[in-house]
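I opened this entry to keep track of what I looked up, in the order I looked it up.

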Amino acid sequence: MNIALLGYGKMGKTIEKIAQERNHTVVLKTTSSDDTIDLTKADVAIDFSIPSAAYVNIKTCIEQNTPVISGTTGWLHNYEDIVKLCNAKNGTFLYASNFSLGVNIFFELNKKLSQLMAKRSDYKVSLEEIHHTQKLDAPSGTAITIANTIIGQTDYNNWTLKKPALSEIKINAKRIENVPGTHSVTYDSKIDSIEIKHTAHNRKGFALGAIVAAEWIATKKGVFTMNDVLNIG
Ligand SMILES: NC(=O)c1ccc[n+]([C@@H]2O[C@H](COP(=O)([O-])OP(=O)(O)OC[C@H]3O[C@@H](n4cnc5c(N)ncnc54)[C@H](O)[C@@H]3O)[C@@H](O)[C@H]2O)c1
Ligand SMILES: O=C(O)C1=N[C@H](C(=O)O)CCC1
């Protein structure tokens, strides 16, 4: 498969290594909005860029009729526009806040736990996410996915980085040198605490998941999630 990499930073470089190990060819790498996105030779595009660039990158791929996956976080206020465009152009698009298999299993645990805790008003939920100090967005896209799932299953109606109201989920976003990504969900009562946690040891899980997703969507039409790729959820 011929792959275009839109974004060639920490993730783009890790994805390139795994793509080569799986006998794919990287035919285009872009690193700024000044680079031309010519997808003539690409079977699929993978966007791991920056929040302010993702929308244009994804739109350009759909307009050039090239299946695109995006792992870039912090651009989701434009997600519905991309879904509309993709459907109008009969294109192919997949976004995941986190491509790793481990986190996608964790998402299912979080959903189940939030269902069990839905009516347990003696417990208050909170999230913590820890990432490296170069990360541009807070909270992480993964933390937002986790919080939105809890909101969908319980009476919580919002998440916040600030002091939470009773109906809000507090997200603690910490930045520590070299941390690839740690997420935990804690339900705390006066009697005990229940905690689930995922720790990424490196970026390989994100990159492998992105390549597996790119292989999976290359021949499909529509808007997909990792649940479709992994057949879970
Ligand atoms: N979904 C996941 O599984 C997952 C995993 C890790 C990181 N991420 C997200 O992926 C994104 C990239 O992460 P990273 O650690 O590689 O960041 P990074 O800062 O190392 O790399 C980002 C790259 O994007 C490039 N860039 C800037 N403008 C661009 C443009 N217009 N077009 C193309 N490239 C452009 C920069 O030059 C840089 O090389 C972030 O949003 C991060 O949150 C998602
Ligand atoms: O390194 C990052 O940046 C990461 N971003 C994603 C997020 O915001 O959830 C996934 C984990 C790593």
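This is a predicted model: local features need pLDDT of at least 70, side-chain atom pairs count only at pLDDT 80 or more; totals for chains, interfaces and linings use all residues.

The C-alpha centres of domain 1 and domain 2 lie 26 Å apart. The contact between them draws ten residues from domain 1 and eleven residues from domain 2. On the domain 1 side, helix 6 (204–217) and helix 7 (226–230) each contribute at least two residues to the face that touches domain 2. I sorted that side by class and got four nonpolar, six polar and no charged residues.

I then checked the bounds. The domain assignment gives domain 1 as 2–99 + 204–230 and domain 2 as 101–199.

Next entry: ligand 2. Which residues are around ligand 2? I listed T73, S97, N98, H131, K135, S140, G141, T142 and G181. By class, this shell has no nonpolar, eight polar and one charged residues.

The C-alpha atoms of N178 and H131 are separated by 7.4 Å, with the two residues 47 apart along the chain. N178 sits in the loop that runs between strand 8 (168–175) and strand 9 (182–188). Is N178 buried or exposed? I found 8 C-beta neighbours inside 10 Å, so N178 counts as exposed; the cut-off for that class is 12 or fewer.

Then ligand 1. I counted 27 residues surrounding ligand 1, and the closest are G9, K10, M11, A53 and G71. Helix 1 (10–21) and helix 2 (51–63) are the elements that give two or more residues to this shell. Its make-up by class is ten nonpolar, 16 polar and one charged residues.

Two packed helices are described by the angle between their axes and the distance between the axes. For helix 2 and helix 3 (residues 79–88), I noted an angle of about 5° and axes 10 Å apart. That angle makes helix 2 roughly parallel to helix 3, since angles under 35 degrees count as such. Helix 2 makes the contact with Y55, I58, K59 and I62, and helix 3 with I82, L85 and C86. By class, I have six nonpolar, no polar and one charged residues in this contact.

How values were computed: Residues are numbered from 1 along each chain as its sequence is written. Chains are lettered from A and ligands numbered from 1 in the order in which they are written. A residue is near a molecule or strand if its C-beta atom, placed from the backbone, lies within 6 Å of it. Helices (H or I, at least four residues) and strands (E, at least two) are DSSP runs, numbered from the N terminus. Ala, Val, Leu, Ile, Met, Phe, Trp, Tyr, Cys and Pro count as nonpolar, Asp, Glu, Lys and Arg as charged, and the others, Gly among them, as polar. Domain bounds come from an automatic or database domain assignment. Two residues are in contact if their C-beta atoms, placed from the backbone, lie within 7 Å. Axes are lines fitted to C-alpha atoms, for helices over the stretch in contact, and angles run from 0 to 180 degrees between N-to-C directions. Angles under 35 degrees count as roughly parallel, over 145 as roughly antiparallel, 65 to 115 as roughly perpendicular and the rest as oblique. A residue is buried if 20 or more other C-beta atoms lie within 10 Å of its own, exposed if 12 or fewer, and partly exposed in between; C-beta atoms are placed from the backbone.
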